[in-house]
Amino acid sequence: MLSEDAATVPTAVTNQVVSIELHGSGGGVTPSPQGRLWEAALAGGLEYDQKTTFKWSEVKSVRAGVTAIRPYDTQGNYPSGARRESYWMGWTDGPDVGKMRLYTERTLDALMDHIAAHQANIGLTKWVLSGGSMGAWGTMTYGIRRPTRFAALYPDRPRWRYNNTVGNVSIVSWNSSTAPSYPVASAPLKVDDDGGGSMAAHLDHIAYVSDTSKQIPWIGWCVGRNDGYTPFSDHIAAVAALRAAKRGFAFVWNDGNHSVGSIPSQITSSYPPGTFEVGKGYPLFTNHSGDQDPAVDLSGGINLGLTFRNVVESAAGWSCEVTSLLGARTVTVEPKSAVFVKAVSPQVVNIPAANTWVAVAFS
């Protein structure tokens with residue numbers, strides 16, 4: 001442990017929600033002195049060239065009952081003094097010339113295991129992953145493939161597939177202070193240890209969520225239509241893919257740029273960390289009367305203001321209560337459960353007023 005700030009260390013309350021928070025580009029150059037700041041020596045394949053340490057902090061969140069874990073992706077300087085970041089994935093052109101090694105994903109796996117084993121105050125089933133900008137990109141690439149670790153993802157301005165240019169992806173190089181852009185067809189490959197295959201496929205989360213054989217966490221995200229780092233058309237396509245595959249999600253957008261599009265509180269106001277739990281079902285919301293259309297409306301949201309409580313599930317039945325924080329609404333509900341797997345017809349639920357709970361049951 002490098003330092004400790006007694007005023008912001010996590011509380012000793014047990015079974016806390018764990019919020020893993022990935023910083024944006026340039027964040028973490030000087031690690032925050034809040035909470036407990038740690039540095040780990042890396043070995044056993046986690047070290048990368050001269051990168052042999054990894055830092056993170058453990059902080060009492062502003063949300064009651066939540067411990068925030070904040071890793072640091074900035075890994076020292078180039079000779080020019082520019083920062084070196086991995087986009088929360090890894091690098092090409094280090095020890096593996098021309099190929100990507102998912103160094104940071106491996107290191108995050110080790111960090112998650114360490115936190116789970118050594119922090120007695122946390123629970124293990126309500127972990128969430130979040131981040132803004134570059135942190136949102138990492139939330140998608142890292143979190144979407146780890147549904148047994150994270151119950152929910154909260155990416156704030158993520159990339160779903162391409163960088164700012166349709167058909168191109170940005171892949172970070174150990175030897176460059178910027179991330180070179182590649183056409184999808186010529187994107188670098190992952191090393192064999194990371195499964196091989198194109199990095200463009202690794203970044204194609206629309207294809208990933210479309211594959212119903214893969215489980216994913218619930219996703220709540222935001223973006224501006226004029227974000228300069230991601231095409232808004234990808235977000236429209238992501239909504240269609242999530243709906244077709246019957247995935248749980250919420251989405252909010254506005255007509256702003258990369259800064260103005262940072263509106264995550266419109267998601268977390270009704271779906272705060274701790275709402276979802278690994279291994280436990282939740283109501284799949286569709287056809288919400290409050291939804292807007294991202295292909296038409298300059299600002300709006302999908303599944304905003306809805307929330308739920310008291311999920312009870314067994315092989316024989318499934319039930320919960322749902323409400324809207326925003327007023328009278330109708331919404332179609334069906335179980336999203338690995339326990340209650342019976343084919344049932346979705347139910348249209350009428351919520352008569354804001355904060356009025358309505359029971360819904362399936363058998």
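Entry one: the β5 neighbourhood. I looked up Ser19 and found its bridge partner in β5 to be Ala68. Before going on, I note that the model is predicted: local features need pLDDT of at least 70, side-chain atom pairs count only at pLDDT 80 or more, and totals for chains, interfaces and linings use all residues. Residues are numbered from 1 along each chain as its sequence is written, and side-chain values use heavy atoms, with hydrogens and water left out.

I wrote down the terms. Strands (E, at least two residues) and helices (H or I, at least four) are DSSP runs, numbered from the N terminus. Two strands pair if DSSP finds at least two bridges between them.

Strand β2 (residues 17–22) pairs with β5 in the parallel sense, over four bridges. I then checked β4 (residues 53–60). This strand pairs with β5 in the antiparallel sense, over five bridges. Val59 stands opposite Ala68 in β5. The hairpin of β4 and β5 has five residues between the strands, and Gly65 in that hairpin takes a positive phi near 75°.

Is β5 buried or exposed? Five of the six residues of β5 (residues 66–71) are buried, so the strand is largely enclosed by the rest of the structure. Buried means under 20% relative accessible area, exposed over 50%, and partly exposed in between (1.4 Å probe, protein chains only).

Entry two: helix α2. I counted burial along residues 134–143. Ten of the ten residues of α2 are buried, so this helix, too, is largely enclosed by the rest of the structure. Among the buried residues are Met134, Trp137, Met140 and Tyr142.

Entry three: the open sheet. Its three strands have the order β6-β7-β12, with mixed pairing. The edge strands are β6 (91–92) and β12 (189–190), each pairing on one side only. Two bridges join β6 to β7 (residues 99–101), and these strands run antiparallel. Thr92 stands opposite Met100 in β7.

I found Asp194 in the loop between β12 and α3 (199–202). Its relative accessibility is 16%, so Asp194 counts as buried. What does Asp194 touch? Leaving out residues up to four places away in sequence, Asp194 touches Met100, Arg101, Leu102 and Arg106; contact means heavy atoms within 4.5 Å. I also looked up a distance for Leu102. The backbone nitrogen of Leu102 lies 2.7 Å from a polar atom of the Asp194 side chain.

Technical notes
Polar contact = N/O pair within 3.5 Å; in protein donor to acceptor, adjacent residues only side chain to side chain.
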